[in-house]
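A short exchange follows the view.

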2 protein chains.
Amino acid sequence: MSLVVQKFGGSSVADAASVIRVANRIAKYARAGHEVVVVVSAMGDTTDELIDLAEQVTATPPPRELDMLLTAGERISMAIMSMALNDLGVEASAYTGSQAGLITDAVHGRALIQRVTPGRIRSALDKGHVAIVAGFQGVSHSSKDITTLGRGGSDTTAVALAAALDADVCEIYSDVDGVFTADPRIVPAARRVSVMSCEEMLDLAANGAKILMVRSVEYARRYGVPLHVRSSFSGRLGTTVSDDLDRVIPVDPDVTARISDVPRLDAADPSKELPMDITDAPGLEAPIISGVAHDRSEGKITVVEVPDQPGKAAQLFDVLASAGANIDMIVQNTSTTDDTVAISLTLPETDAPAAIAAIEAAKETIGFSEVRYTDQVGKVSVVGAGMKSSPGVSATLFRALADANINIDMISTSEIRISVVTDIARLGDAVRAVHTAFGLDAEQAEAVVYGGTGR
Amino acid sequence: MSLVVQKFGGSSVADAASVIRVANRIAKYARAGHEVVVVVSAMGDTTDELIDLAEQVTATPPPRELDMLLTAGERISMAIMSMALNDLGVEASAYTGSQAGLITDAVHGRALIQRVTPGRIRSALDKGHVAIVAGFQGVSHSSKDITTLGRGGSDTTAVALAAALDADVCEIYSDVDGVFTADPRIVPAARRVSVMSCEEMLDLAANGAKILMVRSVEYARRYGVPLHVRSSFSGRLGTTVSDDLDRVIPVDPDVTARISDVPRLDAADPSKELPMDITDAPGLEAPIISGVAHDRSEGKITVVEVPDQPGKAAQLFDVLASAGANIDMIVQNTSTTDDTVAISLTLPETDAPAAIAAIEAAKETIGFSEVRYTDQVGKVSVVGAGMKSSPGVSATLFRALADANINIDMISTSEIRISVVTDIARLGDAVRAVHTAFGLDAEQAEAVVYGGTGR
C-alpha cells in the first residue's frame, strides 16, 4: 500500500455537491488500503469574496490580518471535506496548516516554508484516518502568527507534506486533464502531455502555463516527489512530472505502475494497456517539443540610445534591481548609425511603473536619451528537453511565425526553451502556428517527453 | 485610564458598514487612552450559513470538525474588525481564541474554559494596540484541537478575558438598549432596567430572557466582573449588572462613574445629570420586581396515579436523571379521591422523548397508571430581589392572571422568583397582565433594582 497526497483546487470543491463527489474519490483510495493525505483549497470563490469584504473596510489591510482572514477559507473547506468523508464511513480528521506542522517564516502573504513537522498527520494516518489539511497556510515559529504561502500555495502545501511524509506520489487535482501542449482555449488541437521532467514543467510554468506554480515544481524536484497533475472531474490519467521514470507510483486506487508505463494505461480499466495508436509512443520518434506556453502579463521597456560603453548595462540593471523589478527577457541591439545601444527588457506589468521611475531618475548617470514602454506585448515559448540536441528548432519556430506573418520583437533562449515576444494582438495566432509547426496538433502523434531520462 | 472589554454580537457586525460603525466606537475608547479588548461574534448569519453548508454534506457532522468549521466565522469577523480599526489609524491586532489563551476541555460544541492565559493580549495592550479576539472559541490543552463554547459563547469569552485581565468593565453590545422589564416585542410598554444584581440577571436568564446566557452571568458573578449590557446602535447607557454598586466603571469614552450613579447619567452628555423625573430614582419607592421573563421552550410531563408511598418520587427522579433530562419545575398534588399522587414537571421539549421513554420503562417499578405530555405550555416568571421581603407579591401575580382569565397550571417559587405555567396560547396576555400589575409599564415609574446592595 502507498502513501498518497491529493490536492484539490477550488473548482474541485466549489460547493457541497463537488465536495461529496471528491470525497467519494478519496474514499476509493482509503478503502483500497492507501494512506491518504488530502490538501484542500478554499471552496470556489471564497477567497475572492473574503478579499472583497476586506476591501469594503480598508484599502490597505495589514498583511498579518489579511492572512488571518484568508485562511478562514481553507478552514471551511477542510472541515466540510472531513465531514463528507466521515459521512461516507471513512474516518477522517481535518488539520490547519499550523496543526499539520507547516512552519514558515513571518513574511505575511508570501511566507516561505522553513520546516514541516507532520507529527499529527503521521499519527492520524497510523490510526487509519484520512488526514485533511488546509492548504495555502502555515504558522510562523517566531511570531506564532498565521501566515499564507501566496499564489499556488496549496500546491506547495501538498508537495511539502508529500516530501516530509515520503509519499509515493503527490496528485494535483484541478478541472483540466493535465499539462497540455498549449492552452486548449487558444489551441483547440492542444493535447495532454503524459510524462515530463521537472525542468520542462518548470520552464512551462515560468513561461505562463497556469497549471502549476514554479515554486511547487521546484520543491517537488528538490525532494524527488513525483507529481501527477490530473482532473477531479474525469477518471483519466493526467500528466506525470518526475525525473525518475523507473519510480513506481499508484495511479488509481487499485493500480500502481512505473511512471514510464503510465501513458500506456487506460484509466477506465488501468489493468489493460491502451491500443498503441492512442498511446503516447515513447522512443526516438517522440517530438522534441513538450509544449507551447504563452504569457500576456508582461510589459516591455526599451531604453534608447544608451552610450555603448562598458558598465552602462550594469548601471541600468543595478537601478532596476534596487527598484525590485523582476526582469524576464533582456535584448541589446547595437545601433548601426551611432555608438549607442538600445536595451529592451520584459517584466511583469505590475513592476513597470517603479522600474520606469527608477530608470528615469538615473538618466543623468546612465546617459540614455529616452525610455519607452508598452504593455501590448505577448510572449510565446516552446519548451522541450530534446531541443538543445536537435538543430533547426529555432528555424522551425521563426519560419512558422514568418509564414503566419507575425513579427518577432524580442528573442531569448535557454537550454530547453526559446521565447519570442510579439504584438499581443497576434499572440493567439502565434501559439497556434507554432503548435502546428512542431507537430503537436491532436491529429498528429501525441507528444511524450522523456527529458527526465539521462538527467 | 481603564481596561475595557467590549463584546459585539453578530447583529452589531452584520456587514462591512456595521463593522466600520463599531470600529469608530471602539476607536473613541482607544483614543481616550483606555486599554481596549474587543471580542467579536461571527458576522450576521455566517454561523447559520456554515451550519447549512455542513448539513448539505452530512446529517451527523463530527463535533470536532463542526467546531473547526464554525470557528471560521469569528476568524473572519476578528480580521475584518482589526482591518477597520487600523484603517482608522488605531493600531489593532486580531487573535484567535487559542492565541488569546482560552484553554478549554475537549468537549466539542460546549467546551468548558479550564484557564485563561492572555499573555499575548496583555502584551498587545502594552504595545498600545487594541486586541481583537475571536469569541466563542478556544483550544483544548489535551487534544490541541479547536473547541467552541456553545450558545452565548462569545459573551463567556468576553467575561473570561475581563476576569483574567482584571478589566474595569465588560460591555456586552447587542441591538437592544439593555435588559428590559419584559420582552418589548410582547410588552410594548416594557422598559430598560438600569442596574440589577447578578442573581436577578441569572434568574431572568434562567427563565427565558435571551439577552445574556446564564453561564456568562455566573462567570461574571464568580469573578466580580461588572457587566454593562448596551446597544451598539445608540449612544445610550444600558443595564449594569453587578453586585457592587460602589464600583467605579467607565460608561463612555470620557466618563467613569459609580455604578449606583450610572442611571443618573445622560449618555448623550454624560457630564450632566438627567432630570429626576426620567432618572431611575433609587431607594424605597423602587418597584420590587425587576422584570417579567417568559419561556416557550419547555414541555410538561404529568405522571398520573403514582402510589402515595415514600421513595416513589425518588424512583421517578432517579429514572429521569439517568435519562439525562434537565428538570425545571416540579409539582406534586395529592389526590383527594385515592392514595395516589400526580407528579407534574417541566423540562426542555428536546429532553422530553428520552424522559418519557425512561419513565414508561420504569412503569412496573414505580407503579403509576399513565404518563401525559404536552408542549403547549408557556412559563411566566416575575423576578425581583425585593420580593421575598415583601408580602403579597404572589397574591398580586395570581390576581393579575385571574383578572385576565388565564388559568394557572403549575406554580414554583424561589427566593426571588415566582414562575407559573400557563397555556402557551395565553402566554403573551399573561406577560402583559403581570407587567402592568407590578407597575412596570412605561408610563409608570421606571424600574430600578438594588438587589445588589446588602448581598
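This is a predicted model: local features need pLDDT of at least 70, side-chain atom pairs count only at pLDDT 80 or more; totals for chains, interfaces and linings use all residues.

Modeller: Side-chain values use heavy atoms, without hydrogens and water.

Colleague: How much area do chain A and chain B bury between them?

Modeller: Buried area is the accessible area (1.4 Å probe) that two parts lose on being put together, summed over both. Of this area, 65% is on carbon and sulfur atoms, and the total for chain A and chain B is about 3,100 Å².

Colleague: Which side chain meets D145(B) in a salt bridge?

Modeller: A salt bridge needs a side-chain nitrogen of Lys or Arg within 4 Å of a carboxyl oxygen of Asp or Glu. The count between chain A and chain B is two. In one of them, at 2.7 Å from N to O, the partner of D145(B) is R120(A).

Colleague: How many salt bridges are counted between domain 1 of chain A and domain 2 of chain A?

Modeller: The bounds, from an automatic or database domain assignment, are 3-284 for domain 1 and 289-437 for domain 2. The C-alpha centres of these domains of chain A lie 33 Å apart. Domain 1 and domain 2 of chain A bury about 1,500 Å² between them, 58% of it on carbon and sulfur atoms. By the salt-bridge rule, the count between these two domains is zero.

Notes: Residues are numbered from 1 along each chain as its sequence is written. Chains are lettered from A and ligands numbered from 1 in the order in which they are written.
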